[in-house]
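Hi,

Here is the model I said I would pass on.

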Amino acid sequence: CRLKGRGILVKCLQKVDPFLHRNIGTDVVAAREERHGCKSLYAVQAEGQEQAERSVLISCHSRTNEKKFLKYISRHGDIKKYFFYESYGLYAVVEFANRESVASLFEGAAIPSVSHESMVPFKSRLLSLRNIGLADSTNQQSGQQCQPQTPIPINELIQRLSKEESIDQQITSLTDVYQLTQENSRLRFLVCSLLKDIAAAYFPECTIKPFGSSVNGFGKLGCDLDMFLDLDGISGRNASMPKSGLSLEYQMKRASSERAVTQSILSVIGECVDQFGPGCVGVQKILNARCPLVRFAHQPSGFQCDLTANNRVAMKSTELLYLYGELDPRVRCLVFTVRCWARAHGITSSIPGAWITNFSLTVMLLFFLQRRSPPIIPTLDHLRDLAGPADKSVIEGNDCTFVSDFSKIQLQSNTETLEQLLCEFFEFYATFTFSRMSINIRKGKEQNKPEVAPLHIQNPFETSLNVSKNVNATQLDRFVALCQESSWLLQQSETNAPRGGNKEKASKPWGLATLLLPSQVAGIKSRKKRKREPASERIKSLLESLKNTNQQQKS
Ligand code: CTP
Ligand code: MG
């Protein structure tokens, strides 16, 4: 871990801005510290993977008695951490102190025999525990406490926010309830590790790492699990191999391109997941996408999974987003808030299409923070200039170099509050010249659009690509209309004042909660527009959105 502990970050924040650390997001910082201890993403990944290797996932009887369960399982070794959760039944994640305990558990486990089904005898670390006297027989509440793996519904969130005393508190409270819990994060690493066991049938030394919002600091409970099959450790792509007269022919089977290799690897792994992956359902191989992937649902965890390979640029953008989120606590709070606001108004969607994606929205927010005066976060070019020789990274001709030592980054003393920034964000995009300008976090300045597209956001690393190529004019118009409305709402004194006082008023939505209520303008506007549009236009836009769905890429 190159980051020398959280002390440095705190000191550096206090040095530039004592106000900042005292007033903004201290709860969120504390929660984050508890989860990550402010490590580099590399260290977070390594720790998560190592814990997952020592862990098992156990499907339990719904009335399992926690004490009896622990006593039974700990016969195989010391348990370091465990928790229960519900997803189509009760599950327990158990992390042993040593890997040998997993082997011991396997030794005692039976391969079930069911009369009308035949089993593929693949030994997975997903086990199920028969009722062997560990469940409470009566209807009494069993001891275990389940850890939530999904976010609270929006209505509950609105009520909760309405009870806060300031918009700043509303924003930190939203972040608090939406961010991934330590348990959810462990479950994500465990699912990657279970998948790795399957992929290891072909590539024994492979690893599967989570990327995207599962680890970049912006993940909301319930977000998808993006996974990256990493074969670099085997291929030696990044390692300096000793020069010998021998080369490994079995690894060198020729293919026409790297893409073709990725496709064939994902094709066999996808097949394996489909045939032998316990709990993996609805496996789809989407190999012709720009970034080939295998998509499936992992039922025991409830995660929607996207498995990719050779997607090293996306790994870099994950690292970059993580870094920005760690630099200043306001970044994560605002990303969570804007993502939640966008979802509440249908600006983003879980279905791929012509909508703005969370990734695009995050880049837009980062750009806005770079445009503050003084800027809250540095440009990517600046981060590249601070990089040391070990940070150099060129992937498929793209310069992905940026500094990894956070302590080299000097932040400027911007003291704007979360409330001010949120309001300014809406104002900024309500008046942005989308028709001519492109959003560019590398330069931290808008650039002339290099191509025609309603919304142009330069991909930070593959600079010739537009991150928001899929977005159509209708969706962009809705976004702008909602920014205008939200900016207006935040400037109204009646929205802005906490409705404290008597009990009845306390739960009336105010501040941020008002912004999450159904919109007055965007719905009406888009409905009117739809009425005016001739059928041919609607079909054209539908076709366009279908086309964009196919083009949606992960690079
Ligand atoms: N990514 C990218 N370029 C894109 C789309 C995605 O580099 N055009 C990378 C980003 O690092 C992103 C990751 O792929 O974080 C995963 O993409 P996606 O699942 O779409 O976004 P998330 O950030 O994971 O957000 P969500 O919570 O919506 O899944
Ligand atoms: Mg994702």
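Let me start with strand 3 (residues 90-96), which is mostly covered: seven of its seven residues are buried, buried meaning under 20% relative accessible area, exposed over 50% and partly exposed in between (1.4 Å probe, protein chains only). The cover is on both faces, with Leu90, Ala92, Val94 and Phe96 on one side and Tyr91, Val93 and Glu95 on the other. Helices (H or I, at least four residues) and strands (E, at least two) are DSSP runs, numbered from the N terminus.

Before going on, some housekeeping: this is a predicted model, so local features need pLDDT of at least 70 and side-chain atom pairs count only at pLDDT 80 or more, while totals for chains, interfaces and linings use all residues. Residues are numbered from 1 along each chain as its sequence is written, chains are lettered from A and ligands numbered from 1 in the order in which they are written, and side-chain values use heavy atoms, with hydrogens and water left out.

Back to strand 3 and its partners (two strands pair if DSSP finds at least two bridges between them). Strand 1 (residues 55-60) runs antiparallel to strand 3 and is joined to it by six bridges; Ser59 stands opposite Tyr91 there. Strand 2 (residues 79-86) is also antiparallel to strand 3, over seven bridges, and Lys81 sits opposite Glu95. The hairpin of strands 2 and 3 has three residues between the strands, and Tyr88 takes a positive phi near 50 degrees in it.

Further along, five strands form an open, mixed sheet in the order 5-6-9-8-7. Strand 5 (207-211) and strand 7 (280-286) are at the edges with a single partner strand each, so one side of each has no neighbour in the sheet. Neighbouring strands are turned by 25 degrees against each other on average, direction ignored. Axes here are lines fitted to C-alpha atoms, for helices over the stretch in contact (heavy atoms within 4.5 Å), and angles run from 0 to 180 degrees between N-to-C directions.

Within this sheet, strand 6 (residues 225-230) pairs in the parallel sense with strand 9 (residues 303-309) over five bridges, and Met227 has Leu307 as its bridge partner in strand 9. Helix 11 (residues 258-276) lies across strands 6, 7, 8 (293-298) and 9, at about 160 degrees to strand 7.

Cheers
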